[in-house]
Amino acid sequence: MFCRVIVRDLLLILALFPLLGSCQKESQVDQATREGILLLGNSGEPKGLDPHIVSGVLESNILRALFEGLITADPLHDNATPGGAALEVTPDATATVWTAKLRPDGKWSDGMPVTARDFAFSYERMLTPELGAKYADMLYFLKGAEDFNKGKTKDFSSVGVQVIDDDTLRLTLRGPTPFFRQVLKHFTWTAVPRHVVLKHGKIGQRGNPWTRPENIVGNGPYQLKSWRRNDHIDVTRNPFYWNAAHVTLNGIRFLPIGNPYTESRMFRDGQLHMTYTATPEVIDLMQKKHPEQLRQEPYVGTSFFRYNTTRQPLSDPRVRKALSYAIDRKAICGNVFRGFTPALSITPPMGDYRPPQDRGFDPEKARQALADAGYPGGRGFPRLKLLIASKETAATLAQATQAMWRNTLGIEIEIQNKEWNAYLVAMQQLDYDIANAGWIGDYLDPLTFLEMWTPDNGNNLTGWNNPAFAKLLQDSFQETDATKRFALLAQAESLLIEDAPVLFIAWQSRNYLLHPSVEGWNPLLLANNPYEMIRLIPGR
Amino acid sequence: MIRIIINRIGQGIITLFVLVTLTFFLVRAMPGSPYTEEKAIPAHTLQRMKEYTGLDQPLPVQYFRYLKNLIVHQDLGDVIKKDGVKVSEIIAESFPVSFGLGVLSIGIALMVGIPAGVLAAVRKNTATDFICLSAAMIGICLPSFVIGPLLAVFAGLGLDSLNVAGWSSPGDWILPAITLGLINAAYLARLARGGMLDVLSQDYIRTARAKGAPPTRIVIRHALRGGLIPAVAFIGPAFAGMISGSFVIETIFQIPGMGQHFVNAATDREFFLIQGLVLFYGFLIVGANLLADLAQIALNPRLRKS
Amino acid sequence: MEKGTSLWKDAWHRLAHNRAAIVSLFVLVFILLLCFIGPLMPFVKSPTAINLSNTGAAPSADFWFGTDQLGRDLFARVLYGGQVSLLVGLVATAVAVFIGVIYGAIAGYAGGKIDDLLMRFVDILFALPFLVLVILFALVVDNPASLFTDWIIAKTGFARDRVAPITTLIPLFIAIGAIGWLTIARIVRAQVMAVKKQEFVEAAVSLGLSRPRILFRHILPNVIGPIIIYTTLAVPGIMLLESVLSFLGLGVKPPNSSWGILIKEGADRMEVNWLLLFFPSIFFASTLFALNFLGDGLRDALDPKSAKD
């Protein structure tokens, strides 16, 4: 009896639950497509929505909907720099003083006008030392910004930000910056509403509640509608947006899906228009099942190994080169990463910059270099450790390179995996031999990949110190001519290749899944596609 | 009786205090800090960020400040990496989700595990015994990170009415609850079988049998109550385990529960969040043990005297 | 001691008549032999030899279980991975059960203030954030472990490839053993508390037997059933814990592997190549099924009351 009752209840409940769920006959994607709402996988819960506080890619995906910078991304061309909040941003002859002419019809989502004062306030807030903005150095392009941010002066008028009138802003930079329009696309250069920020707190106050869902005001095409932590963020049309009439998409739902396998299953189950990423396994599967839904596009990211150049025997450039030449990058891109391309320089292809090229896979030269360094056939070579963070692709990459070093050079490298934070600490304290790492550019200019290798940069972490490299970058800061400037940067990069403190492995690609109903999502190097131009076509 | 209760509550408070103190110093001994990031934060900015959360102070100052905020203001502190989010908000939002999932999966575990275990005991060493236990044991013989995706692919992708992941409609609860329930069903079945066998060999059951009472009646009337004690005693710890240990299920099914915070807070070095979670969890454990002990004392007159 | 001998004899006799338990015993022995003796056979390939031109191959006469995403022989990886998982399952569980039984028995038997103190300590350990402890332990143990490996190699002259896979597991045994005993301690305590009120204990006390003798000779044998059940139930969790800890850098180092790690990798690829999940899972699951049925058989065989059946 007892058992029978339990079994009956079990069957009843199991039968009832699917009924509750089955009210929705069309999939969530079909319904959202009909309603003009884009469902996006966004990899995780944002750390906040204050453009001056956050720094991640997933946050920038949401900020792009809520805030609009002076210049915005073009839906088709990476090099184009259409005006956003500004009608135009024009340089002087030396590309040092830039004048932004704001849209007279620009409005915040509470109806207040967007003025030059808002932008000046924003840059002052970002640079105010008390705020402790992580990404304040993105604004160091401004004259005097670094000194102000580091507290060397308290006088913001010493910084190159000048309000001419309500619609005109003048920005004076530290030197000629012909690519400044590209920099302006970054979310750190967007404005925050002065009247709202000051209503809820002071200028240099951390934890200002102005970005709470009930308070937040932006000037982007969308405004925040609802936010359930670890579940979703909904944005909906901003009626005050200057171009609201031409915004095609009614809203976007950002889903913080941390597990990429879950994300791809949700996509295949009709719960997402677009995934944040696609792992190698998912790529293999989709190539078999729905190749048309798989996107693999170039991205401004590079995977590489750092060498600790302060340790024997890695202090010898010949050893570093030997290790580098022994890596078959093509095989790695084919078997470990999908869609990545073998990297022969730190800077991935972008714009008109042509980076110098490293030698690449050359077993003969590799053995030769190791012999020259005093380890013929790998004899006597110490047992070095390859530091990786606890992530699956990192482990696969490490095992592949371990085998390549063994087979080509006859040396044994030990893999040392550490939990993420411990891994970062080991790298930052130069407590490693070789470390797996990656870098993603903030804007479309080689500088975003080269500046980190200067001796005093907090992201160098190799112990490599070449004054000539730093000097070339300094020279480039004074160069007005774009071609000559690129030549200087290329020269600097060839020093990086020559000294080899870094082993370039692959230029990354952005791999993701895209539903056929989404129209107008074009490949962009920074994946900073403007949402307002996207169309959702039902029935595909 | 009242003295015992006061004594027990006192013990609970001391336990929690030791727990909070230990956690406070342990989390700060981990390598890295909440500010360790892939792109290094400049020193002057880092200083300012630490001042804001008080992490620039010497450890004793931090410790007493934390205790003061905890006791005087009932404030668990901020989530360091999240702009303007309190630890208490995270707990308040995620606990109900974990609680609901826990109740549902315990229900499933009971409905699968107990009948399987009882039947296995009654039909000891027969094919029924073997089949019941095998079925119940799938949940521990395959890891949840296999069962979860398998269910998601076959049931979630296969059936239109079930989503593979998410937490928006009641239908979304089924797959994670089954995955989580199966694990505990295995425990319950094995414990129920063992417990039932112990009881079935007791003299009073033999007497009932000798008197010619029908076997089903013996099982239901006499054996179940005693035989299920080990299984029922397991429910409490199992439930606590679900609150803190459901990270895998939560990531596979995209559930905004509490388990992910226990993992992510540790890997993110979210000092205040870890402390808050541990205190909350410790409170649950101490509270549950206290209740169990009190119930035992109330039910057992012999213990009441001592 | 005559009575004791016949008890064990009876138990063995009862076990031998339990078909499920005997089959399980054979399965376990077979898997143990396969994993520990199998790799010595010449036809078993290297588990770490990478071949990027033969990745994800289907099973064949050459590669019985096919190859993984780096072209390694899955059969060899399952066998070598089994060594790790079985060692962890045996040693770490033994450590945990040993600590847990003694601790729980003392707490349950002593009662009163000692019991309170011991159990509050268990409460604290139970509530402490597991991951924090693991990260700290990994930090502390990193250097000593590699120094110990070097020391063994220097002393014995064995090849590193043979020493390192075993020595790197020691921190794992310690970590799992140190955490895994908590639940068992609780169970044993509760059982001991229940048993110590029974007449035969009171009889032993009145006979003037020493307390340790009463506890270990008379009480513990009576709670052995639940201990066996919990032990066999704990093994799967402990084997999987190994893969989590290895992932955090405490334990197996790539390119070495374990069943837990292989299953995790296979689960990620299950829709592309389900065999990568199937083979390690079959080994893992059959071991655990067998172990648990053997556990039940042992429980039944050692049940003092079932003798009357």
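Trainee: How many Å separate the centres of domain 1 of chain A and domain 2 of chain A, taken over C-alpha atoms?

Mentor: The two centres are 33 Å apart. Domain 1 of chain A is 57-252 + 514-536 and domain 2 is 298-511, with bounds that come from an automatic or database domain assignment. This is a predicted model, in which local features need pLDDT of at least 70, side-chain atom pairs count only at pLDDT 80 or more, and totals for chains, interfaces and linings use all residues; side-chain values use heavy atoms, without hydrogens and water. Residues are numbered from 1 along each chain as its sequence is written, and chains are lettered from A and ligands numbered from 1 in the order in which they are written.

Trainee: What makes residues of domain 1 of chain A and domain 2 of chain A count as being in contact?

Mentor: Contact means heavy atoms within 4.5 Å. By that rule, 22 residues of domain 1 and 19 residues of domain 2 of chain A take part.

Trainee: What area is buried between domain 1 of chain A and domain 2 of chain A?

Mentor: About 1,700 Å², with 66% from carbon and sulfur atoms. Buried area is the accessible area (1.4 Å probe) that two parts lose on being put together, so the figure is summed over both. Of the area that domain 1 of chain A buries against domain 2, F179(A), L525(A) and L526(A) supply 35%, more than any other three residues.

Trainee: How many salt bridges does the rule find across the interface of domain 1 of chain A and domain 2 of chain A?

Mentor: The rule finds 0 there. It does find 2 residue pairs in polar contact across that interface, both residues of a pair being at pLDDT 80 or more. On the domain 1 side, 15 residues are nonpolar, 5 polar and 2 charged.

Trainee: Why is the meeting of E37(B) and K134(A) called a salt bridge?

Mentor: The term requires a side-chain nitrogen of Lys or Arg within 4 Å of a carboxyl oxygen of Asp or Glu. The side chains of E37(B) and K134(A) have an N to O distance of 2.9 Å, so the pair qualifies. Between chain A and chain B the count is 6 salt bridges.

Trainee: Which helix gives the largest share of the side of chain A that touches chain B?

Mentor: Between chains A and B there are 24 residue pairs in polar contact. Elements of chain A that each supply at least two residues to the side touching chain B are α1 (2-21), α8 (260-268), α14 (420-428) and β13 (434-440). The largest share, 10 residues, comes from α1(A).

Trainee: How many residues of chain A are in contact with chain B, and what area is buried?

Mentor: Chain A has 63 residues in contact with 52 of chain B. Together the chains bury about 5,100 Å², 57% of it on carbon and sulfur atoms.

Trainee: How do you know that D296(C) and R193(B) meet in a salt bridge?

Mentor: Their side chains are 3.7 Å apart, N to O, and the limit is 4 Å, so the pair passes. The count between chain B and chain C is 5 salt bridges.

Trainee: What area is buried between chain B and chain C?

Mentor: About 4,500 Å², with 68% given by carbon and sulfur atoms. C141(B), F145(B) and R190(B) supply 14% of what chain B buries against chain C, more than any other three residues.

Notes. Polar contact = N/O pair within 3.5 Å; in protein donor to acceptor, adjacent residues only side chain to side chain. Nonpolar A, V, L, I, M, F, W, Y, C, P; charged D, E, K, R; others polar. Helix = DSSP H or I, 4+ residues; strand = E, 2+ residues; numbered from the N terminus.
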